[in-house]
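This report describes one protein model, going from its overall build to its pocket and its aromatic rings.

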Amino acid sequence: MDPQIWHKVAAISGVAALGLGTYGAHVFKPQNPTYKEVWHTASLYHLVHTAALVAAPVTKHPNIFGGLLTGGIIAFSGT
């Protein structure tokens, strides 16, 4: 796999992180305020993982690094 594909994955992930963060800040109105805090934490983790994903092509093993970060986005932010 071409290591530069991770820049595209990071771009898509960044757009998703910003969109979901905006949704959580302006539209998401849960009855339980704890859910709002969980949403905020998930959005933050998603954005941090995305920022790290930009560096994937310059690492020694870009596909492993990018795959683990993408898995982290799905596991920690997606749930």
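## Overall build

The model is predicted. The protein contains three helices and zero strands, and from the N terminus on its elements run α-α-α. Along the principal axes, the C-alpha atoms fill a box of roughly 45 × 20 × 15 Å.

The protein has 79 residues, of which 27% count as buried. Its accessible surface is about 5400 Å², and 72% of that surface belongs to carbon and sulfur atoms. Among contacts between residues at least 6 apart in sequence, 59% join residues at least 24 apart.

## Largest pocket

The largest pocket holds about 230 Å³ of space. Its lining consists of Leu 20, Phe 28, Tyr 35, Val 38, Trp 39, Ala 42, Ser 43, His 46, Phe 76, Ser 77 and Thr 79. The largest share, six residues, comes from α2.

Sorted by class, the lining has seven nonpolar residues, four polar residues and no charged residues.

## His 46

His 46 is one of the residues that line the largest pocket, and it lies in helix α2. Its relative accessibility is 8%, so His 46 counts as buried, the cut-off being under 20%.

Leaving aside neighbours within four places in sequence, His 46 is in contact with Ser 13, Ala 16, Ala 17, Leu 20, Ile 73 and Ser 77.

## Aromatic pairs

A pair of aromatic rings is described by the distance of the centres and the angle of the planes. The model has three aromatic pairs. In one of them, Tyr 23 and Phe 28 are 6.2 Å apart centre to centre with 35° between the planes, a tilted arrangement. Phe 28 counts as buried because its relative accessibility is 19%, whereas Tyr 23 is partly exposed, with a relative accessible area of 38%.

The rings of Tyr 23 and Trp 39 have centres 5.5 Å apart and planes at 55°, so this pair is tilted too. Tyr 23 belongs to helix α1 (residues 5-26) and Trp 39 to helix α2, so the pair ties together parts that are 16 residues apart in sequence. Trp 39 is partly exposed, at a relative accessible area of 26%.

Conventions: Residues numbered from 1 in each chain as written. Predicted model: local features only at pLDDT ≥ 70, side-chain atom pairs only at ≥ 80, totals over all residues. Heavy atoms only, no water. 1 Å grid on protein atoms, 1.4 Å probe; cavity = no way out; pocket = protein on both sides within 12 Å on 5 of 7 lines; lining within 4 Å. Points joined across faces, edges and corners; volume = space filled by probe spheres on them. Helix = DSSP H or I, 4+ residues; strand = E, 2+ residues; numbered from the N terminus. Nonpolar A, V, L, I, M, F, W, Y, C, P; charged D, E, K, R; others polar. Buried < 20%, exposed > 50% of the residue type's maximum accessible area, 1.4 Å probe, protein only. Contact = heavy atoms within 4.5 Å. Areas by Shrake-Rupley, 256 points an atom, 1.4 Å probe, with all protein chains shown as cover. Phe/Tyr/Trp six-rings, centres within 6.5 Å; stacked < 30°, edge-to-face > 60°.
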